[in-house]
Amino acid sequence: MSDVDTSHAPDRSRFEAHLDGDLAGFAEYQLAEGLIVFTHTEVDESFEGRGVGSALARAALDAVRAGEEPLGPRRVIATCPFIKGWIDKHPDYADLLYGSRD
């Protein structure tokens, strides 16, 4: 099994995941003053169960934490159920959420 290759596509306001050179999924966001809102994550059904969604969530949130341009510093609002659920399962990322206590 191949590793998931993630990249940031700021011109499309999303993070992308590729497996074996094919687009396997993406996580879309919108930027607002001091906030990044993750709105939608989608994984192609042919790549489900291969860690694509988790790789996208981790890459996106790590980029926010690192202050990668144009993302940081911002707080996260996860309206996307997948990103919200992923943060719930990985509480070490909860400090990024809007309204969290540092």
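**Entry 1: a serine to start with**

Is Ser-54 buried, partly exposed or exposed? I looked it up: Ser-54 is partly exposed, and its relative accessible area is 35%. For my own reference, buried means under 20% relative accessible area, exposed means over 50%, and partly exposed lies in between, with a 1.4 Å probe and protein chains only.

Before going further, I note that this is a predicted model, where local features need pLDDT of at least 70, side-chain atom pairs count only at pLDDT 80 or more, and totals for chains, interfaces and linings use all residues. Residues are numbered from 1 along each chain as its sequence is written, and side-chain values use heavy atoms, with hydrogens and water left out.

Ser-54 belongs to helix H1. Helices (H or I, at least four residues) and strands (E, at least two) are DSSP runs, numbered from the N terminus. Leaving aside residues up to four places away in sequence, I find Ser-54 touching Phe-82 and Trp-86; contact here means heavy atoms within 4.5 Å. The C-alpha atoms of Ser-54 and Phe-82 are 9.0 Å apart, although 28 residues separate the two along the chain.

**Entry 2: the two helices**

Next I checked how H1 (residues 52-66) meets H2 (residues 81-89): the angle is about 80 degrees and the axes are 10 Å apart. Axes are lines fitted to C-alpha atoms, for helices over the stretch in contact, and angles run from 0 to 180 degrees between N-to-C directions. H1 and H2 are therefore roughly perpendicular, a label for 65 to 115 degrees; under 35 is roughly parallel, over 145 roughly antiparallel, and the rest oblique.

On the H1 side I list Gly-53, Ser-54, Ala-57, Arg-58 and Leu-61, and on the H2 side Phe-82, Ile-83, Trp-86 and Ile-87. By type, the contact has six nonpolar residues, two polar and one charged. In this scheme Ala, Val, Leu, Ile, Met, Phe, Trp, Tyr, Cys and Pro are nonpolar, Asp, Glu, Lys and Arg are charged, and the others, Gly among them, are polar.

**Entry 3: the sheet**

In what order do the strands of the open sheet run? I read E1-E2-E3-E4-E5, five strands with mixed pairing. Two strands pair if DSSP finds at least two bridges between them. E1 and E5 are the edge strands with a single partner each, so one side of each has no neighbour in the sheet. From one strand to the next, the twist averages 25 degrees.

E1 (residues 5-9) pairs with E2 in the antiparallel sense over five bridges, and I see Ala-9 opposite Arg-14 and Ser-7 opposite Glu-16. Four residues lie between these strands in their hairpin, where Ser-13 has a positive phi near 50 degrees. E2 and E3 (residues 22-32) are antiparallel too, with six bridges; His-18 has Leu-23 as its bridge partner. Their hairpin has two residues between the strands, and Asp-20 takes a positive phi near 50 degrees.

Five of the six residues of E2 (residues 14-19) are buried, so the rest of the structure largely encloses this strand.
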